[in-house]
Amino acid sequence: MITSFLLRAFDGKAFVFLAILAAVAVAIPAGNLLFPAGHALHVPVYVVSLLGKYMCYALLALSVDLVWGYCGILSLGHGAFFALGGYAMGMYLMRQIGARGVYGNPDLPDFMVFLNWKELPWYWYGFDTFLFAMLMVLIVPGLLAFVFGWFAFRSRVTGVYLSIITQAMTYALLLAFFRNDMGFGGNNGLTDFKDILGYSVQADGTRAALFFASVAAVAIGFVIARAVTRSKLGKVLIAVRDAESRTRFLGYRVEHYKLFVWVLSAMMAGVAGALYVPQVGIINPGEFAPANSIELVIWVAVGGRGTLVGAVLGAVLVNFAKTWFTGVFPEFWLFALGGLFVAVTLFLPRGIVGTIGHHWNALRDRRASARAEAGTDEDPRESEIADEMNHQAAE
């Protein structure tokens, strides 16, 4: 049953996208590990880490597109789920440091020793094992999303009101995690990671493996999201997006559908955060900043809302532009980002992929109409070309 559900995700376009991801997942690590520095095909370590970060953002954008593009839930708080997944991974990485910290305490992270904590808080138990940490990466964002969605969707909070509440949620978490007595490192967060699964996080092979895992996560997230959106469930989600009151009138429990896709999206965002942390080397409350959640909505809008592929493309393109701008004109990046969003809204309301798809479908419809008017299933231009070729062959 699960297999048949996932098979719905595959068609020609999906295979092309997944093939591109597979090629990137192999080519980038190979360029880093197989070719020496100075070689034309060598990929520097910093580029591997940078592209790995882009892939984490791509998965995060996929999660937003799933709820916004297909269910009409504009979330301005998905950065909270991303950060919670990152903190879960950061707690595991901190427990792996052991006695190698600055203070040499085998049980307590350095920031706890500095703050005179006497024992490890109960909510840190279990994070010394990778499996438990990975479960928390899924459970913590999923549980928060379930509780939030249960009350919000049952109360029929929609539209801009829901968006404001999601932003309030992530801002409340920002303030909470800034407190030193929360036990998460306060303003400095969690950093100085050493190992992951026994391998140094600074090693070239580890960074290549993390990049590969990030691309694989994007591929898996894409398959799951596409399987959901192409199923009967996906059709109901689109109906909720386009006419929620009518869908409810037809007898569908709209809040159940919205809650399901909301929790699934939050768990995807948590996985993105977990893969992000070991590649950037830090997680702090700044990841909860509401501006981050607003920015990732821009990624989806630029790439194309409701396309999935567009979300990935938008995340990569906008973050590449951010990297370039902050290096060359750092003071102008926010202006450029705002201008980009305005330009996309005015001239590309469907986003890059959505606009291309719209024009392609229009061209296909015109060709179909031309064939119908000609009374044949063949493209008239193809017939003219064939006649010309036959004439040349006869001569």
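A residue counts as buried when its relative accessible area is under 20%, as exposed when over 50%, and as partly exposed in between, using a 1.4 Å probe and protein chains only. Hello everyone, let's keep that in mind as we look around. This is a predicted model, where local features need pLDDT of at least 70, side-chain atom pairs count only at pLDDT 80 or more, and totals for chains, interfaces and linings use all residues. Residues are numbered from 1 along each chain as its sequence is written, and side-chain values use heavy atoms, with hydrogens and water left out.

Let's start with helix 15. Helices here are DSSP runs of H or I with at least four residues, strands are runs of E with at least two, and both are numbered from the N terminus. Helix 15 covers residues 351-374, which makes 24 residues. The expected span is 1.5 Å times one less than the number of residues. Just after helix 15, Gly-375 takes a positive phi of about 70°.

Which residues of helix 15 are buried? They are Gly-351, Gly-354 and Thr-355. Gly-354 has a relative accessible area of 15%. Leaving aside residues up to four places away in sequence, Gly-354 touches Gly-303, Gly-304 and Thr-307, where contact means heavy atoms within 4.5 Å. The cover over the buried residues of helix 15 includes helix 12, residues 290-303.

In one of them, Lys-322 pairs with Glu-295, with the closest N and O atoms 3.5 Å apart. This pair links distant parts of the chain, with Lys-322 in helix 13 (residues 309-328) and Glu-295 in helix 12, 27 residues apart. Lys-322 is partly exposed at 28%, whereas Glu-295 is buried at 10%.

Another salt bridge joins Arg-100 and Asp-195, with the closest N and O atoms 2.7 Å apart. Arg-100 sits in the loop between helix 4 (78-97) and helix 5 (110-114), and Asp-195 in strand 2 (residues 195-196), so the pair ties together parts 95 residues apart in sequence. Arg-100 is partly exposed at 44%, while Asp-195 is buried at 16%.

Finally, cysteines. A disulfide is a pair of cysteine sulfur atoms within 2.5 Å, and the count by that rule is 0. Cys-56 is buried, at 1%, and Cys-71 is buried too, at 3%.

Key: A salt bridge is a side-chain nitrogen of Lys or Arg within 4 Å of a carboxyl oxygen of Asp or Glu.
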